[in-house]
Amino acid sequence: MIYLTANEISMPILGLGTYKIKSFDLCYNVVENALKYGYRMFDTAQVYKNEEDLGKSFEIILPKLNLKREDIFIITKIATYNHADKCYESIKKSMENLRTKYIDMVLIHWPGVKGFKLDDKRNLEYRIKTYKELERAYTEGLIRSIGISNYNLKHLEELFTYCTIKPVLLQSEFHPLLIQNDLTNFCKKHGMIFQAYSSLGTSDAESTKKLVDNETIKNIAKKHGKTSAQILLKWAVQQNISVIPKSSQVSHLRDNIDIFDFNLDEQDVDLINKLDRNLHLCWNPDTVL
Ligand SMILES: NC(=O)c1ccc[n+]([C@@H]2O[C@H](COP(=O)([O-])OP(=O)(O)OC[C@H]3O[C@@H](n4cnc5c(N)ncnc54)[C@H](OP(=O)(O)O)[C@@H]3O)[C@@H](O)[C@H]2O)c1
């Protein structure tokens, strides 16, 4: 496993996405298999409603596999209904749910606030307050690092005018149909980790098909004796971009982490880069003021 480092935080480049992994039994099964295959980073969110199931699973499975809390890296995200004054208490609730004394990284999930219109000026006011609360939680040792998610260039540039503690990571939609050069360049310039979500085309079967059934991706997969999913993940990882593929199937969990024994060549990368359509398969935050 490759590790990425920023601001003294070191995290595995590949982790498990957990959106839609609900119910304790499913969560337990997925976490146990993921840990056995070598996953050490887990991405959740307050809005996924699975923090508690994950916490219970970690509590039982880690000692069973001779692992400690410090061996894993947990990311969670502040929900749009927990911005500003609700942020700090919501972190404490996430810690309680996840059964942990600290969270490795907490992200602001979305630049907008639930209940506000996209062009409401209070979105900015609230996300500034939320960030300040994250800085407080960081200073008090509740969280080890701060990040943001779904921030576009404008949101990021704004953030750098008011933050005291720099964010370590930006989590954003990123796959061959949406190569966000402006955002990856911003992260490089500021020494931040860029983390891709929906690398396989989201959890919506039709969108996933658009990527795993893409002829270019399929041909490159055939050439390397790999699956389309492995090519999509490798393409990001080879650019030092972190990935968090979601799967609840044992064979997919195993395949998705088995990407460190081959390299894409320049021709493969060129072909994949040509697929860019600036197409969001998930959400587009550009409309949030
Ligand atoms: N910050 C945000 O706003 C945001 C937004 C979206 C996602 N995320 C995070 O990113 C994670 C990943 O993104 P995502 O959930 O949108 O979807 P994704 O990882 O792009 O794709 C997941 C889908 O691909 C399937 N799949 C997994 N491995 C496969 C393989 N080897 N071959 C074929 N199909 C495979 C999964 O089905 P099976 O379960 O059947 O394997 C699932 O339907 C999320 O779980 C979440 O943690 C964050």
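**Figure 1. The ligand takes up the space of the largest pocket.** Welcome to the first close-up of this predicted model. Around the ligand there are 29 residues, and D43, S198, S247, Q249 and H252 are the closest of them. Sorted by class, this shell holds 17 polar, 9 nonpolar and 3 charged residues.

**Figure 2. Side chains of D43, Q249 and K246 each bring a polar atom to an oxygen atom of the ligand.** For D43, the distance from a polar side-chain atom to a ligand oxygen is 2.6 Å. For K246, a polar side-chain atom is 2.8 Å from an oxygen atom of the ligand. Q249 also places a polar side-chain atom by a ligand oxygen, at 2.7 Å. On its own, the ligand has 890 Å² of accessible area, and the protein covers 90% of that.

**Figure 3. D104 is a buried loop residue with polar partners.** To find D104, look in the loop that runs between helix 3 (87–98) and strand 6 (105–108). D104 has a relative accessibility of 0%, so it counts as buried. Which side chain does the side chain of D104 meet in a polar contact? The partner is the side chain of R69, at 2.8 Å. A polar atom of the D104 side chain is also found 2.7 Å from the backbone nitrogen of I74.

Figure 4. Is S149 buried or exposed? S149 counts as buried, because its relative accessibility is 1%, and the cut-off for buried is under 20%.

**Figure 5. S23 and N240 are loop residues with positive phi values.** S23 is not a glycine, yet its phi is positive, near 85°. S23 sits in the loop linking strand 3 (16–17) and helix 1 (24–37). With a relative accessible area of 40%, S23 is partly exposed. N240 has a positive phi too, near 60°, and is likewise a residue other than glycine. Look for N240 in the loop between helix 9 (228–237) and strand 10 (242–243).

**Figure 6. A79 and Q46 are 5.6 Å apart in space, C-alpha to C-alpha.** The loop between strand 5 (73–78) and helix 3 is the place to look for A79. A79 has a relative accessible area of 1%, so this residue is buried. How many residues apart in sequence are A79 and Q46? They are 33 residues apart along the chain, with 5.6 Å between their C-alpha atoms.

**Figure 7. K49 is an exposed loop residue.** Here the view moves to the loop between strand 4 (41–43) and helix 2 (51–64), where K49 is found. Why does K49 count as exposed? Its relative accessible area is 56%, and exposed means over 50%. K49 and N219 have 38 Å between their C-alpha atoms and are 170 residues apart in sequence.

How values were computed. Residues are numbered from 1 along each chain as its sequence is written. This is a predicted model: local features need pLDDT of at least 70, side-chain atom pairs count only at pLDDT 80 or more; totals for chains, interfaces and linings use all residues. Side-chain values use heavy atoms; hydrogens and water are left out. A residue is near a molecule or strand if one of its heavy atoms lies within 4 Å of it. A polar contact is a pair of N or O atoms within 3.5 Å; within protein, one must be able to donate a hydrogen and the other to accept it, and residues adjacent in sequence count only if both atoms are side-chain atoms. Accessible areas come from the Shrake-Rupley method with a 1.4 Å probe; for residues, only the protein chains shown count as cover. On a 1 Å grid over the protein atoms alone, a cavity is a set of points where a 1.4 Å probe fits but cannot get out, and a pocket is an open set with protein on both sides within 12 Å along at least five of seven lines; lining residues have an atom within 4 Å of a point. A molecule sits in a cavity or pocket if more than half of its atoms lie within 2 Å of its grid points. Ala, Val, Leu, Ile, Met, Phe, Trp, Tyr, Cys and Pro count as nonpolar, Asp, Glu, Lys and Arg as charged, and the others, Gly among them, as polar. Helices (H or I, at least four residues) and strands (E, at least two) are DSSP runs, numbered from the N terminus. Buried means under 20% relative accessible area, exposed over 50%, partly exposed in between (1.4 Å probe, protein chains only).
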